[in-house]
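Dear colleague,

Please find below the structure that I am handing over to you. My notes on what was found in it follow directly after.

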Amino acid sequence: MDSLATKGLTLRSHTGVAYQFDPGALCLELLVTGGPGPYRRYEVLHEPADLTAWVDRSRLAPTPALKVSAAEVTDARRLRDALFRVVTARTRGEQDPPDDLEILNKAARHPALAPAITPDGQRQWAATHSGTHLLATVARDAIELLTGPFAHRVRTCAADDCHLIYVDTSRPGRRRWCSMEHCGNRHKVRALRARHHEEG
Ligand SMILES: [Zn+2]
């Protein structure tokens, strides 16, 4: 919900400095939990508590109450890896991998988290939900993104050593970095040093 201020995740650089990364969509927030191939070593989704911890960090607000099974954690990793490959293909202008679209579509067919409104006008969730409901919400979000007006604005951070993926929903559409305070700033510092070097 837009009214609930801070969107995005708090990440840490390899030197331990915290920074905010708003990938612009719920489904893209799942991609920071690991991924296929070389990203396997960053895996953080091992057990149900890991998935609920991610939900707590995510832009889902308020945080939904969940009952997640071990099998649903496996489903979450499968969905994330499929989404990772689809989105990466998008950033390279390649075809969506059909098997991965099928994983996405299958997850989206389940009922999603049900929102509710309280008598005093507050938003909440209708019940305690399963991991499958959660993944349906994420998969539907991905389908909205990939078929929506910003589908062509899914990008990888412009820093060579950064693999974070975001959707640029800004009006001018010139976002280049995962985060201005992280990669944007590192770039600025490097550019400045290069200039000093040339001048000196
Ligand atoms: Zn970056």
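**Findings**

P62 belongs to the loop that runs between α2 (48-57) and β3 (66-67). Please bear in mind throughout that this is a predicted model. The peptide bond that joins A61 and P62 is cis, with omega at about -10 degrees.

For comparison, the ideal angle for four tetrahedral donors is 109.5 degrees. C162 counts as buried because its relative accessibility is 9%, under the 20% limit. C178 is likewise counted as buried, at 2% relative accessibility.

**Helix α6**

Helix α6 covers residues 180-199 and contains R186. M180 lies in helix α6 too. How accessible is M180, buried or exposed? With a relative accessible area of 52%, M180 is exposed, because the limit for that class is over 50%. R186, at 23% relative accessibility, counts as partly exposed. Leaving aside residues up to four places away in sequence, R186 touches A159 and D161.

Two separations place these residues relative to other parts of the chain. The C-alpha atoms of R186 and H46 are 32 Å apart, and the two residues are 140 residues apart along the chain. For M180 and G35, which are 145 residues apart along the chain, the C-alpha separation is 24 Å.

**Helix α3**

Helix α3 (residues 70-91) has 22 residues, which at 1.5 Å a residue should span 32 Å; the end C-alpha atoms are 32 Å apart, so expectation and model agree. After α3 comes G93, which has a positive phi, near 70 degrees.

**Aromatic rings**

How many aromatic pairs does a search of the whole structure find? The search finds one. The pair consists of Y39 and F84: the ring centres are 4.8 Å apart and the planes meet at 40 degrees, so the pair is tilted. The reasoning is that planes under 30 degrees apart would count as stacked and planes over 60 degrees apart as edge-to-face. Y39 is in the loop between α1 (26-29) and α2, and F84 is in helix α3, so that the pair links distant parts of the chain, 45 residues apart. Y39 is partly exposed, with a relative accessible area of 23%, whereas F84 is buried, with a value of 7%.

Two arginines are also placed over aromatic rings. R123 lies over the face of W125, 4.8 Å from the ring centre. In the other case, the charged end of R175 sits over the ring of Y166, at 4.2 Å from the centre of that ring.

With kind regards

Key. Residues are numbered from 1 along each chain as its sequence is written. This is a predicted model: local features need pLDDT of at least 70, side-chain atom pairs count only at pLDDT 80 or more; totals for chains, interfaces and linings use all residues. Side-chain values use heavy atoms; hydrogens and water are left out. Helices (H or I, at least four residues) and strands (E, at least two) are DSSP runs, numbered from the N terminus. Buried means under 20% relative accessible area, exposed over 50%, partly exposed in between (1.4 Å probe, protein chains only). Contact means heavy atoms within 4.5 Å. The expected span of a helix is 1.5 Å times one less than its number of residues. Rings of Phe, Tyr and Trp (its six-membered ring) pair if their centres lie within 6.5 Å; planes under 30 degrees apart count as stacked, over 60 as edge-to-face and the rest as tilted. A charge sits over a ring if NZ of Lys or CZ of Arg is within 6 Å of the ring centre and within 35 degrees of the ring normal.
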